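Here is a walk through a single chain, from the overall fold down to a few individual residues. Have the viewer open and follow along.

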Amino acid sequence: MSKIFQKPFEPKSYKDFAFNNPASKLTMDGILNGAVPFPGNKCSICLHGAYGTGKTALAKMLPTLLENSGHLPIFPRHASVFEVFDWVHFNACNIIGGDKTFVKDLVSRVYSPILGSPSGWHYEILDEVDNLSDQVQASLKGLMDPVYGTIYILTTNNPDKLDGGLVNRSHMIEMNYPSPQQYQALGTSWLIERGFTGNEISSAQWATIIAGCKGFREFGDSVEIVVRNLRHQQPAVI
């Protein structure tokens with residue numbers, strides 16, 4: 001019998017992300033709850049940290065989170081903005097590199113009168129932004145001004161490779177490996193999401209699982225194995 005593909009465990013809402021840096025958590029919470037004015041002097045959020053910690057997943061989620069927060073100021077654009085849904089552009093910077101065409105296309109989107117969200121903002125996600133050449137990174141600085149109506153969301157594993165101007169214009173949010181307690185809480189919530197009580201795995205068992213994981217990807221795979229084993233142990237319903 002053919003099996004239906006089921007996506008592995010991954011963060012589905014903001015509460016599924018773990019921040020082990022209290023200052024970064026406070027800043028990110030503040031941006032979403034309106035305590036930190038955004039966009040303000042900075043119109044960029046840079047998620048940085050180790051591999052597999054959910055940076056790209058959160059980057060893709062942030063435009064919707066920001067739009068739904070109710071705290072974004074309205075950016076005035078052409079009236080047809082509300083009829084346009086192409087207001088988030090994802091850029092895989094590990095492919096773009098030093099391509100000058102990328103900058104030209106980005107500029108055209110930034111200055112577009114219609115590529116805006118319901119609140120009027122346009123979003124550019126620059127994934128693995130450290131892969132952009134020094135020249136391209138430097139050219140982005142002039143565009144990172146709220147007056148242009150674009151919010152930038154950057155991700156990188158190597159913040160030390162970023163142009164200083166990009167760092168200065170960004171809220172730097174550290175996303176490194178969660179604590180064992182954060183992992184266990186997340187794993188328990190995922191078990192409950194799949195129909196279990198969440199108590200099937202002891203703290204000692206969680207500790208063993210967590211010790212072998214680095215990041216959400218590996219942890220998600222491990223929890224998937226746990227779920228399959230638990231289901232295999234369940235008696236068949238007659």
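Predicted model: local features only at pLDDT ≥ 70, side-chain atom pairs only at ≥ 80, totals over all residues.

Going along the sequence, the elements come in the pattern α-β-α-β-α-α-β-α-β-α-β-α-α-α. Of the 238 residues in the protein, 47% are buried. Among contacts between residues at least 6 apart in sequence, 82% join residues at least 24 apart.

**The sheet**

The 5 strands form an open sheet with parallel pairing, in the order β2-β3-β4-β1-β5. β2 (88-92) and β5 are the edge strands; each has a single partner strand, so one side of each has no neighbour in the sheet. On average, neighbouring strands are turned by 15° against each other, direction ignored.

If you'd like to look at one pairing, take β1 and β5: they run parallel and are joined by 5 bridges. Leucine 47 sits opposite isoleucine 173 in β5.

| Helix | Strands | Angle |
|---|---|---|
| α2 | touches β1, β2, β3 and β4 | about 160° with β4 |
| α4 (residues 100-110) | lies across β2, β3 and β4 | about 155° to β3 |

**Helix α1**

α1 has 12 residues and spans 16 Å from its first C-alpha to its last, close to the 16 Å expected at 1.5 Å a residue. What caps the N-terminal end of α1? That's asparagine 21, with a side-chain oxygen 3.0 Å from the backbone nitrogen of alanine 23. Just after the helix, glycine 34 takes a positive phi of about 90°.

The buried residues of α1 are Ser24, Met28, Gly30, Ile31 and Leu32. They pack against β1, α2 (55-69) and β5 (170-174).

**The cores**

Met28 turns up again in the largest nonpolar core: of its 40 residues, Met28 and Phe219 touch the most other members. At least two residues of this core come from each of α1, β1, α2, β3 (122-127), β4 (150-156), α7 (180-193), α8 (203-211) and α9 (215-233). The largest share, 6 residues, is supplied by α9.

Which residues does phenylalanine 219 contact, leaving aside its neighbours within four places in sequence? They are Tyr183, Leu186, Gly187, Trp190, Trp206, Ile209, Ile210 and Cys213.

**Cysteine 43**

Cys43 is worth a look of its own. You'll find cysteine 43 in the loop between α1 (22-33) and β1 (44-48).

Leaving aside neighbours within four places in sequence, cysteine 43 is in contact with Phe38, Met144, Asp145, Pro146, Thr150, Ile151, Tyr152 and Arg169. Another pairing to check in the viewer is cysteine 43 with valine 147: they are 104 residues apart in sequence, while their C-alpha atoms are 9.5 Å apart in space.

Note on methods
Residues numbered from 1 in each chain as written. Heavy atoms only, no water. Helix = DSSP H or I, 4+ residues; strand = E, 2+ residues; numbered from the N terminus. Contact = heavy atoms within 4.5 Å. Expected span 1.5 Å × (residues − 1). Buried < 20%, exposed > 50% of the residue type's maximum accessible area, 1.4 Å probe, protein only. Polar contact = N/O pair within 3.5 Å; in protein donor to acceptor, adjacent residues only side chain to side chain. Core = buried A, V, L, I, M, F, W, Y, C linked by side-chain atoms within 4.5 Å. Pairing = 2+ DSSP bridges. Axes fitted to C-alpha atoms, helices over the stretch in contact; angles between N-to-C directions.
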